[in-house]
Amino acid sequence: MIAIVDYKAGNLTSVVKALRAVNAHVTVTEDPEAVRRAEKIVLPGVGHFAATQFLAERGLKDAIADRIKAGVPFLGVCVGLQWLFNGSTEAPDVNGLGAFDAACARFDEGRKIPHVGWNALSVREDSRLLAGVPTGSFMYFTHSYRAPVIHDTVAVTEYGGHFTAAAERENVMGVQFHPEKSGVMGLRILRNFVELPC
Amino acid sequence: MLSKRIIACLDVRDGRVVKGVKFVDIVDAGDPAELAARHALSGADEIVLLDITATHEGRGTLIDTVRRTARRLFIPFTVGGGIRTLGDAEAVFEAGADKVSVNSAALRRPELIGEIGSRFGAQAVIVAIDGRRNGDHAEVFVEGGRKATGRGVVEWAREAEQRGAGEILLTSMDADGTRAGFDCELTASVSDAVQIPVIASGGAGNAAHFSDVFLRGKADAALAASIFHFGIADARVLKEQIARDGVPMRLPC
């Protein structure tokens, strides 16, 4: 069973539907105990970084941190990826998980913000999450803040400079784009996650 | 590089597509779910379902239509037409839409933009503006272009952005239905005035019109309600033609 963590930030219908389309058994939950029982964890997110404060307040952050340490595969989407970093200038008082040691910041002025639409990935070939997803594949993005390129970045995208489109270190994974809205290639990524050994 | 988007629009009344597209090998050309899936497969970057049902009874049908359409779609899906309250928006999101488009109701009560945005995120709110030229400025119209509001298009677009709109869907009433090309001047004036993406609509007649509205009109996306009416096989062919003009397109798609 995959736990989709509901932290009351937007609409989870699309993520649930897409994971079910790749034959995942999913449960949407805000209960830390359900998260601790899950074989895999997905943290979706559209909305403000401040909404992730809910995770700390409800004991979900501790539950997720414990399970990640135990080796449970974790996938963060959009704000869910940014939450894996130390924090974001969008909400400086809210701490992220800190699995990736860097901070997210707003795109520099001089271009349209938010970054909305289909943009291409440059993919690192050793990624398990992005197996079978070639460089040049387009994914659907919608965000105003982005994570810098770090050691664990496995895909970058260009929008006024490179940013992290996907990061991965062992069982900890995140994507800035929306695989649930990125057509066949997006579903491929979700299937890769669903099929990871637990 | 961020690609420009081609958005397929389905006009739906009482659960049936009323104009738009004709695929030769499709069983039921009026079924929104089937058509949307077909568009997605053929390379459309997004789907907009515009409900033009006039009656109250038809609203229940809409939610069912949205649910059936969303079930098979894995690209962004917007629903517009008759969304007047946060409750209307919630029902459509719950049925599987990713974004809603609001028009007249947002003009009547602009707070609606922020209400939907704070609940579902700014990226989920598109403000649709129907503009008509009046001398050297363009005025906002409502009720399907029948009623003037006295508001300037650029000014209302700026306010919509400030109130938390994620995108602007700009329809030129002058160009709509002419198939003589988009109103690039009007589109550029709005695109220059706001930071959020602008979707151009109205006037598409051939692939060159799309290239024009991207390059000269500075549009971030363009709506194609009936591209298949003028002899283009599918979105992929359209996008290949636009790409040849140097516009970044999602290809292969």
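In chain B, residues 24 or more positions apart make up 63% of the contacts that have a separation of 6 or more. This comes from a predicted model, and everything below should be read that way. Chain B holds nine helices and 11 strands. Its radius of gyration is 17 Å, close to the 18 Å that the globule rule gives for 253 residues, so chain B is as compact as a globular protein of that length. The C-alpha trace of chain B spans about 45 × 40 × 35 Å along its principal axes, and 53% of the 253 residues count as buried.

Strand β9 of chain B (residues 167-172) pairs with β10(B) in the parallel sense, over four bridges. Within that pairing, L169(B) stands opposite I199(B). To get from β9(B) to β10(B), the chain passes through helix α7 of chain B (residues 184-193), and this β-α-β crossover is right-handed.

Helix α8 of chain B (residues 207-215) sits between β10(B) and β11(B) in a β-α-β unit that is right-handed.

A few backbone details in chain B deserve a look. Most residues other than glycine have a negative phi, and most peptide bonds are trans. K218(B), in the loop between α8 and β11 of chain B, has a positive phi of about 55° although it is not a glycine. With 17 other C-beta atoms within 10 Å, K218(B) is partly exposed. D14(B) is another non-glycine residue with a positive phi, in this case about 50°. D14(B) lies in the loop between β1 (5-13) and β2 (16-19) of chain B and is partly exposed, with 15 other C-beta atoms within 10 Å. Further along, the peptide bond from L251(B) to P252(B) is cis, with omega near -10°; P252(B) belongs to the segment after α9 (235-244) of chain B.

Over in chain A, eight strands build an open sheet with mixed pairing, in the order β2-β1-β3-β4-β13-β12-β11-β8. The edges are taken by β2 (26-29) and β8 (122-123) of chain A, each with a single partner strand, so one side of each is left without a neighbour in the sheet. Within this sheet, β3 (residues 40-43) and β4 (residues 74-77) of chain A pair in the parallel sense over three bridges. I41(A) has F74(A) in β4(A) as its bridge partner.

Helix α4 of chain A (residues 60-69) has L60(A), K61(A), A63(A), I64(A) and R67(A) as buried residues. Seen down the axis of α4(A), these buried residues fall within an arc of 160°, so they line one face of the helix. What do the buried residues of α4(A) pack against? Their packing partners in chain A are β1 (2-5), α2 (32-37), β3, α3 (53-57) and β4. Just after α4(A), G71(A) takes a positive phi of about 95°.

E30(A) lies in the loop between β2 and α2 of chain A and counts as partly exposed, with 16 C-beta neighbours inside 10 Å. Leaving aside neighbours within four places in sequence, E30(A) is in contact with D6(A), Y7(A) and R58(A). From E30(A) to N171(A) there are 141 residues in sequence and 21 Å in space, C-alpha to C-alpha. P114(A) lies in the loop between β6 (100-106) and β7 (115-120) of chain A, and a cis peptide bond joins I113(A) to P114(A), with omega about 5°.

Finally, there is the contact between the chains. Chain B puts in 24 residues and chain A puts in 27 residues. On the side of chain B that touches chain A, the residues divide into 11 nonpolar, five polar and eight charged.

Terms used
Residues are numbered from 1 along each chain as its sequence is written. Chains are lettered from A and ligands numbered from 1 in the order in which they are written. This is a predicted model: local features need pLDDT of at least 70, side-chain atom pairs count only at pLDDT 80 or more; totals for chains, interfaces and linings use all residues. Two strands pair if DSSP finds at least two bridges between them. Helices (H or I, at least four residues) and strands (E, at least two) are DSSP runs, numbered from the N terminus. A residue is buried if 20 or more other C-beta atoms lie within 10 Å of its own, exposed if 12 or fewer, and partly exposed in between; C-beta atoms are placed from the backbone. The arc is that of the directions from the helix axis to the C-beta atoms. Two residues are in contact if their C-beta atoms, placed from the backbone, lie within 7 Å. A crossover is right-handed if, with the strands pointing away from the viewer, the path from the first strand over the helix to the second runs clockwise. Ala, Val, Leu, Ile, Met, Phe, Trp, Tyr, Cys and Pro count as nonpolar, Asp, Glu, Lys and Arg as charged, and the others, Gly among them, as polar. The radius of gyration is taken over C-alpha atoms; the globule rule is 2.2 Å times the number of residues to the power 0.38.
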